[in-house]
Amino acid sequence: MVNLPILAPADIASGFHALSDPLRIQVLELLRQQELCVCELCEQLGVTQSKLSFHLKTLKEAGLVRSRQEGRWIYYTLNLSQFIVLEQYLAEYRRFSTILPARSCREAS
């Protein structure tokens with residue numbers, strides 16, 4: 001079992017925000033197959049580099065992708081450990097959360 005970091009609420013929100021855009025989902029789908037440079041991503045997605053740059057920044061800030069520079073090209077790949085952290089966060093709801101009925105507001109006072 002791999003010990004993964006516990007994320008702060010802001011980090012969790014950042015991860016799910018990054019997953020909330022259709023173009024970013026398309027980027028992640030392409031990166032599931034292999035590492036790609038920006039020009040390849042732009043070509044396959046049919047978008048400009050300036051538009052893609054915004055989305056890649058969001059994915060990087062959420063920790064979902066990593067980049068490396070080789071010469072003048074930047075290559076992107078998935079950061080699988082961050083996906084595991086988000087998956088485990090969601091799994092906690094399925095496994096351990098018991099939904100209790102609401103208490104009367106009068107009882108809470």
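**Entry 1: His 17**

I started with His 17, which has its place in helix α1; helices here are DSSP runs of H or I with at least four residues, numbered from the N terminus. This is a predicted model, so I kept in mind that local features need pLDDT of at least 70, that side-chain atom pairs count only at pLDDT 80 or more, and that totals for chains, interfaces and linings use all residues. Residues are numbered from 1 along each chain as its sequence is written, and side-chain values use heavy atoms, with hydrogens and water left out.

At 46% relative accessibility, I noted His 17 as partly exposed (buried is under 20% relative accessible area, exposed over 50%, partly exposed in between, with a 1.4 Å probe and protein chains only). Which residues does His 17 touch, not counting those up to four places away in sequence? I found Arg 24 and Thr 58, where contact means heavy atoms within 4.5 Å.

**Entry 2: Thr 58**

Is Thr 58 buried or exposed? It counts as buried, at 10% relative accessibility. Setting aside neighbours within four places in sequence, I see Thr 58 in contact with His 17, Ala 18 and Arg 24.

**Entry 3: rings**

I then looked for aromatic pairs, meaning rings of Phe, Tyr and Trp (its six-membered ring) with centres within 6.5 Å; planes under 30 degrees apart are stacked, over 60 edge-to-face, and the rest tilted. The count comes to one aromatic pair. Phe 16 and Tyr 89 have ring centres 6.3 Å apart and planes at 50°, so I wrote the pair down as tilted. Phe 16 belongs to helix α1 (residues 9-18) and Tyr 89 to helix α5 (residues 80-96), so the pair ties together parts 73 residues apart in sequence. Phe 16 is partly exposed at 29%, and Tyr 89 is partly exposed with a relative accessible area of 29%.

**Entry 4: α2 and α3**

Last, I checked a helix pair. The axes of α2 (residues 22-33) and α3 (residues 38-45) come within 11 Å and cross at roughly 120°; axes are lines fitted to C-alpha atoms, for helices over the stretch in contact, and angles run from 0 to 180 degrees between N-to-C directions. From α2, I listed Leu 23, Gln 26, Val 27, Leu 30 and Leu 31, which meet Leu 41, Gln 44 and Leu 45 in α3.

Definitions and conventions:
Helix = DSSP H or I, 4+ residues; strand = E, 2+ residues; numbered from the N terminus.
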